[in-house]
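Visitor: I have not looked at this structure before, and I would like to learn how to read its features one by one. Could you take me through them slowly?

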Amino acid sequence: MISFISALILLILGYLLYGKVAERVFKTNCDRKTPAIANPDGVDYIAMPWWKLYLIQFLYIAGTGPIFGAVMGIMFGPAAFFWIVFGTIFGGAVHDFISAMISIRQNGASLTEIVGSQLGKRVKTVMLIFTVFLLVMVGAVFVSQPAALLHGLVPSISVTLFGIIVFAYYLLATLLPVDKIIGKIYPIFGFIFIFMALGLLFSIFHTNAPIPEVWSGLSSMHPKGFPIYPMMFISIACGAISGFHATQSPLMARCITNERYGRRVFYGAMITEGIVALIWAASASSFFSSMYPDCPNGIIALQQYSAEGHETAEIVSAICKGWLGTVGGILAIIGVVVAPITSGDTALRSGRLIIADFLHLDQKPIAKRLLVAVPIFAVTFLIMNIQADVLWRYFAWSNQTLSIFTLWACSVYLYKQKRQFIITLIPAMFMTSVCTCYILFAPEGLGLPYIISVGCGIAMACLFLFIFIYWTRKYGQEYTKN
């Protein structure tokens with residue numbers, strides 16, 4: 001348990017120390033008016049207190065990612081703890097904070113507008129297509145998952161009917177002003193989600209859970225023999241770094257009342273998600289030890305339980321009910337249900353805003369909101385018919401690939417502002433290599449030999465670095481004259 005406790009402490013210190021570093025690099029300005037103060041519109045630009053925004057942002061970015069991703073990721077072994085901690089502090093939290101602060105400075109601009117302003121109109125167009133496709137996939141994935149979980153709680157109602165109810169709610173939440181549903185009830189849901197994680201944390205210490213230590217071995221333990229690089233870095237996305245987050249941050253960037261709250265809302269929400277992922281990884285790696293006493297450690301026991309045909313949702317349910325009891329288990333499952341719903345609706349809301357920004361459509365009139373929302377929901381409905389596991393794998397890769405665009409755009413922005421762009425440049429290079437290697441090596445990708453895939457991943461990261469250096473030398477003078 002020493003590794004687990006150390007990881008928790010590191011995440012907290014990451015917020016207190018490296019979060020301030022990111023804040024100083026960006027140079028937040030407490031006297032500058034935010035979009036919610038300068039341009040309120042009663043629909044998307046509405047001032048809200050920072051603690052509400054923190055809880056809403058946490059729900060937006062979480063979904064089932066820090067739960068399901070952590071459970072799948074810990075099957076690779078204790079190396080998952082390293083990725084959750086350092087990926088969150090130096091990658092995900094910086095990614096979320098810098099992109100959100102840029103959005104605030106650009107009047108609540110959506111991610112495609114931010115990327116376009118830094119990387120050019122052609123990249124902006126590609127980014128628009130890629131981002132909307134990802135958001136539609138998120139909406140589709142997060143209809144089927146909560147519908148299945150709700151059916152487990154209430155078997156008398158079919159999965160299809162629950163899916164229709166969730167889908168209808170998504171449309172309503174996408175169209176209504178942000179303070180009508182999201183601003184009122186999402187902070188409560190955020191508290192429930194955090195309460196669930198704290199309940200598991202208490203159980204870990206109460207039962208003295210046999211959590212594997214990192215020094216027991218960092219090589220891959222995955223039952224299918226998948227290598228840690230790049231497979232684990234894709235499996236654990238929302239618990240370390242996720243491009244999807246940058247599509248959600250502008251929603252809160254349009255509601256924040258002062259830049260000094262940026263670190264609390266954006267960096268803090270990502271650190272919280274990292275802690276949740278860490279708790280779930282630790283729980284999954286220890287809970288099943290008592291069920292399989294012949295297994296050498298809890299990770300092998302988890303793999304055995306999974307091999308018997310139990311899906312990730314069943315693993316989550318077993319842990320909740322086993323450690324938290326019937327009542328606590330039900331509350332925990334409700335938290336797991338709420339998480340994807342609150343990410344699915346905001347994903348589709350983000351899709352509406354991104355397309356509206358691109359087409360310069362005023363979103364005050366309900367008719368114009370419908371004009372954008374209806375086609376998005378139609379495509380979402382069609383994609384929902386794709387096999388769930390295939391949809392999830394492509395979602396995971398495209399999610400991480402989106403972070404590449406965001407991190408390189410943030411690096412260009414920081415360079416233009418004469419800031420220490422190294423804090424986004426290093427994670428940009430790393431994620432470029434990971435995503436390139438994954439799509440070349442993974443079974444659902446091209447299935448190339450591992451060595452070739454790794455080499456191409458590293459080469460792609462170096463190529464992007466070369467382009468960045470070339471650009472700074474050729475065009476950078478205009479940004480450094482004054």
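Predicted model: local features only at pLDDT ≥ 70, side-chain atom pairs only at ≥ 80, totals over all residues.

Guide: Let us begin with the naming of elements: helices are DSSP runs of at least four residues, numbered from the N terminus.

Visitor: What is the value of phi of Asn 208, and is Asn 208 buried or exposed?

Guide: The general idea is that most residues other than glycine have a negative phi, and most peptide bonds are trans. In this structure phi of Asn 208 is near 50°, a positive value in a residue other than glycine, and Asn 208 counts as exposed because its relative accessibility is 57%, where the cut-off is over 50%. Lys 27, in the loop between helix H1 (2–26) and H2, also has a positive phi, near 65°, and Lys 27 is exposed with a relative accessible area of 52%.

Visitor: Which peptide bond is cis?

Guide: The bond from Tyr 229 to Pro 230 is cis, with omega near 5°, and Pro 230 has its place in helix H10 (residues 228–235).

Visitor: How should I read charged pairs, and how many salt bridges does the structure hold?

Guide: Side chains of opposite charge can pair when their charged atoms come close. The structure holds five salt bridges, and one of them joins Asp 44 to Arg 352, with 3.3 Å between the closest N and O atoms. This pair links distant parts of the chain, since Asp 44 sits in the loop between helix H2 (35–38) and helix H3 (50–62) while Arg 352 belongs to helix H14 (residues 312–359), 308 residues apart.

Visitor: Are Asp 44 and Arg 352 buried or exposed?

Guide: Asp 44 is buried, with a relative accessible area of 4%, and Arg 352 counts as buried because its relative accessibility is 0%, where buried means under 20%.

Visitor: Which residue forms a salt bridge with Arg 254?

Guide: Arg 254 forms a salt bridge with Asp 357, and the closest N and O atoms are 2.9 Å apart. Here too the pair links distant parts of the chain, with Arg 254 in the loop between H11 and H12 and Asp 357 in helix H14, 103 residues apart. As for cover, Arg 254 is buried at a relative accessible area of 3%, whereas Asp 357 counts as partly exposed at 22%.

Visitor: Which residue does Glu 259 meet in a salt bridge?

Guide: The side chain of Glu 259 meets that of Arg 105 in a salt bridge, at 2.6 Å from N to O. Glu 259 lies in the loop between helix H11 (244–253) and helix H12 (262–284) and Arg 105 lies in helix H5 (residues 79–105), so the pair ties together parts that are 154 residues apart in sequence. Both Glu 259 and Arg 105 are buried, and for Glu 259 the relative accessibility is 1%.

Visitor: Leaving aside its neighbours within four places in sequence, what is Glu 259 in contact with?

Guide: With those neighbours left aside, the contacts of Glu 259 are Thr 28, Asn 29, Arg 32, Thr 34, Met 101, Ile 104 and Arg 105.

Visitor: How can I check the length of a helix, taking helix H8 as the case?

Guide: One compares an expected span with the distance between the end C-alpha atoms: at 1.5 Å a residue, the 17 residues of helix H8 (residues 159–175) should span 24 Å, and the ends are 25 Å apart, which agrees. The buried residues of H8 include Phe 162, Tyr 170 and Leu 175.

Visitor: How many residues of helix H4 are buried?

Guide: Helix H4 (residues 65–73) is mostly covered, with eight of its nine residues buried, among them Pro 66, Phe 68 and Gly 73.

Visitor: What is the volume of the second largest pocket, and which residues are closest to its centre?

Guide: The volume of the second largest pocket is about 520 Å³. Of its 19 lining residues, the closest to the centre are Leu 119, Phe 405, Trp 408, Phe 464 and Ile 467. Helix H6 (111–119), helix H16 (388–416), helix H17 (422–441) and helix H18 (450–475) each supply at least two residues of that lining.

Key:
Residues numbered from 1 in each chain as written. Heavy atoms only, no water. Salt bridge = Lys/Arg side-chain N within 4 Å of Asp/Glu carboxyl O. Buried < 20%, exposed > 50% of the residue type's maximum accessible area, 1.4 Å probe, protein only. Contact = heavy atoms within 4.5 Å. Expected span 1.5 Å × (residues − 1). 1 Å grid on protein atoms, 1.4 Å probe; cavity = no way out; pocket = protein on both sides within 12 Å on 5 of 7 lines; lining within 4 Å. Points joined across faces, edges and corners; volume = space filled by probe spheres on them.
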